[in-house]
Amino acid sequence: MLYKENIYHRYLNLPFEITKHPMFDTEPTEMKHHDINPYRDPLVDEFHKDLGLIINYTEVFWTPAGASLPVHADYVTLDNHVKINITYGPKEGRIRWWQSNNTQVVTDKETAKQMLYNDIDLTTADKFSDREHTNVLANRDECTLVYEANTNRPSLVNVGQLHDTYSPPHAGRWTLCFIPGRPNGHDIYWDEAMEIYKDYVV
């Protein structure tokens, strides 16, 4: 069932431990996203400096027990740009990648709620983030699962493709995200990431 070529996820054997964010000692009651710039992990920064890269952005997500983040890609077009994620949660928790022939670029919360009413809790959707997100979205019932992985270890993840998150019924999960880039701010894409991180990819 799973896609024969894994362009979605690889574990990273980093030479240090990523610091757990203090927010992760909380358990919100609803799905949450927080932009946490200018938060940085000094060891992550130093590691990427040695690779000739910077961390463009940092953010965190909370997926409550028994919930799933909607199927989305992070930008307004499908591509293969990457993040480094680490999740704190149950081993059954997953990030999942999907394919769909029916996607839509959504720029506001009301349109997202109308499109995803089967996939989200409409009573808490407005509390998800302090800003409106512009993303490619798809309804999960119109998608095909192509890959999935637990990210409780540092992970290189392709967030330019359709993906969501899943928490099992008994526990939620926090995810810390670092978006690496060139010093000029340009994103890193999957194929070049495989070369950049080749000494650390598991």
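User: Before turning to single residues, how are buried, partly exposed and exposed defined here?

Analyst: Buried means under 20% relative accessible area, exposed means over 50%, and partly exposed lies in between, with a 1.4 Å probe and protein chains only. The model is predicted, so local features need pLDDT of at least 70 and side-chain atom pairs count only at pLDDT 80 or more, while totals for chains, interfaces and linings use all residues. Residues are numbered from 1 along each chain as its sequence is written, and side-chain values use heavy atoms, with hydrogens and water left out.

User: Which residues is Arg153 in contact with, leaving aside its neighbours within four places in sequence?

Analyst: With contact taken as heavy atoms within 4.5 Å, Arg153, which lies in the loop between β9 and β10, is in contact with Tyr11, Asn85, Ile86 and Val202.

User: What makes a set of residues a nonpolar core, and which members of the largest one touch the most other members?

Analyst: A nonpolar core is a set of buried Ala, Val, Leu, Ile, Met, Phe, Trp, Tyr and Cys residues joined through side-chain atoms within 4.5 Å. In the largest core, of 33 residues, these are Ile18, Trp97, Leu156, Leu176, Phe178 and Tyr197. A second, separate core of eight residues includes Val71, Trp98, Val136 and Cys143.

User: Which residues are joined by a cis peptide bond?

Analyst: The bond joins Asn37 and Pro38, with omega about 10 degrees.

Technical notes:
Helices (H or I, at least four residues) and strands (E, at least two) are DSSP runs, numbered from the N terminus.
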